[in-house]
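User: I would like to learn how to read some features of a protein model. Could we go through them one at a time?

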Amino acid sequence: RTNLGELSQLSENDFGRPEYSDGFARLGYTFSETTRASFNALLSHDRVTALLDSGAQRADDQSSNSYLWATLEHDWSEAANSRLIASYTTVSDDRHGRIDDPGRRSGQVLDRRTFHVVGLRADNEWRSDAVTNRFGAEVRRLWAGYRYAAAVRFEPDFPFAGSPALQRRRAVSLHPDGYELSAYWDSRFELNRLWTLQAGLRVDTQTYDGSDDAEQWSPRLSVLYNAGARTRLRASWGRFHQSQGINELQVEDGIDRFYPAQQADHSIFSLEHGFGAGLDLRLELYHKRYRKVSPRFENLFDPLSLLPEMEFDRVMLAPASARADGIELLLNWQPLDSWSGWFGYSWSRAQDRIDGRNVYRSWDQRHAMSVGIAWTRGPWAVTLADVYHTGWPTTQLSLAAAPGPGAAPVVIGPRNALRYADFNSLDFRITRTFTLSRGQLDVFLEASNLLSRANPCCTEYSTVENAAGEWLLDRKIDNWLPLVPAMGVLWRYGKD
């Protein structure tokens, strides 16, 4: 259970009250040396009230999630085993919101969603001296309910002088249902002590989306070369499909149908090397080509809005394709049993192809680094980590060189052509473990953004006219969260 709701009351600003709680339970039973069963349950309940602009914007969200699954495992022999999983999932989410900003805008949102899934999955594995085969299938019955209604009115001269009054209304009620079927096969061949080949194929299909999309066939291939006792090289290629989940319909943006599955081809090359003395290196290069991309919605200037679909800067993006390229380096070091550390660096580029131009995705970060150190001794564990990345892209608003009479000459620049300042956060965590008569109890204290650094995230624009009749553009930068302390407990008990 979180304590953020209590800590938020200590803030000098009223941001609202978040409340989260969850619980997990597992019951296992061994029928024999070859047959085992378990029953698992994960339940969670979230209730969040968030406020912005001294209460002018308010969002209340309450959600409950239940995940139940039972597993039956059987070893047919030392070389073959099977696992059967039956599951049930139910999710409900109730979101209410309002905007009451006199003279500028007003509106309300009612968003209620429920999802249910019943599934049955079978996994099998068969091993020989040089070959490992894995194959299986899954069937899921899904049904959902969407009830969404929203209305917003923008007054004249909002968001900029000369802007006309605008009113939007939206109401959607949908009940999609159907099936999701999948099957897979994967084989790993150890050709000799140097070479290992792995190949696989997956097929998926859905009936709940009504998109008339054909089956999605996804082949994968990987080659591993052991260059030495401490060095491994791996090259892999795979085609991946991502269908739109029954819970991902974008009704808040007026979308009442599912899009066909997205498709991407991934090519990855990696190098792993152990230097000794507890120092290990991993280097990875990747190229991802997205040939089928579903449209999505974003806010140009403020991605952290409480009610994003009611903002004036909400836009639809429909890329013809996309790509992502990068290099990742990770060093892990453990010179002593009680001390360990790591250093990670990545260079990456993520772009959409829109109207014949390459446009950076909003989460593109050219350089990113992570460095940390951990100390453990007896019941104590302490971690100090720093995360850095270059600023995320943003779109600039400016004034035209030749203003027209009666209206602010606002010009929207090229999408994501500029970047915010760099992001940096120092995080800390200390844990004390107590051994109880039944299990263990972890008590922890942690803090994110320990130095309370201002990390810019979003921009708020407005126009004003001075006494000389000249238009001026006011630009206000908002930041990610400042120092956030938290404390909690985790009780683990049971018999392995």
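User: Is C457 buried or exposed?

Analyst: Keep in mind that this is a predicted model. A residue counts as buried when its relative accessible area is under 20%. C457 has a relative accessible area of 5%, so C457 is buried. C458 is also in this class, because its relative accessible area is 2%.

User: What do C457 and C458 form?

Analyst: They form a disulfide, with the two sulfur atoms 2.3 Å apart. The structure holds 1 disulfide.

User: Now the whole chain. How many helices and strands does the protein have?

Analyst: There is 1 helix, and there are 29 strands. The protein has 496 residues, and buried residues make up 34% of them. Along the principal axes, the C-alpha atoms fill a box of roughly 85 × 55 × 50 Å.

User: Let us look at one strand. Where does R296 lie, and is R296 buried or exposed?

Analyst: R296 lies in strand β14, which covers residues 296–299. Its relative accessibility is 14%, so R296 counts as buried.

User: Which side chain has a polar contact with R296?

Analyst: The side chain of D352 does, and the contact is 2.6 Å. Leaving aside neighbours within four places in sequence, R296 is in contact with several residues, including Q250, R361 and W363 as well as D352.

User: Which side chains make polar contacts with the side chain of E298?

Analyst: E298 is also placed in strand β14. Its side chain has a polar contact of 2.6 Å with the side chain of S362, and another of 2.5 Å with the side chain of R415. E298 is buried, because its relative accessible area is 11%.

User: Which residues does a cis peptide bond join?

Analyst: A cis peptide bond joins F158 and P159, with omega about 10°. P159 is in the loop between β6 (131–154) and β7 (166–174).

User: What is the phi of D157, and where is D157 placed?

Analyst: D157 is not a glycine, yet its phi is positive, about 70°. D157 is in the loop between β6 and β7. At 48% relative accessibility, D157 counts as partly exposed.

User: What is the phi of N416, and is N416 buried or exposed?

Analyst: N416 has a positive phi of about 55° although it is not a glycine. Its place is the loop between β23 (410–412) and β24 (418–419). With a relative accessibility of 5%, N416 counts as buried.

Terms used. Residues are numbered from 1 along each chain as its sequence is written. This is a predicted model: local features need pLDDT of at least 70, side-chain atom pairs count only at pLDDT 80 or more; totals for chains, interfaces and linings use all residues. Side-chain values use heavy atoms; hydrogens and water are left out. A disulfide is a pair of cysteine sulfur atoms within 2.5 Å. Buried means under 20% relative accessible area, exposed over 50%, partly exposed in between (1.4 Å probe, protein chains only). Helices (H or I, at least four residues) and strands (E, at least two) are DSSP runs, numbered from the N terminus. Contact means heavy atoms within 4.5 Å. A polar contact is a pair of N or O atoms within 3.5 Å; within protein, one must be able to donate a hydrogen and the other to accept it, and residues adjacent in sequence count only if both atoms are side-chain atoms.
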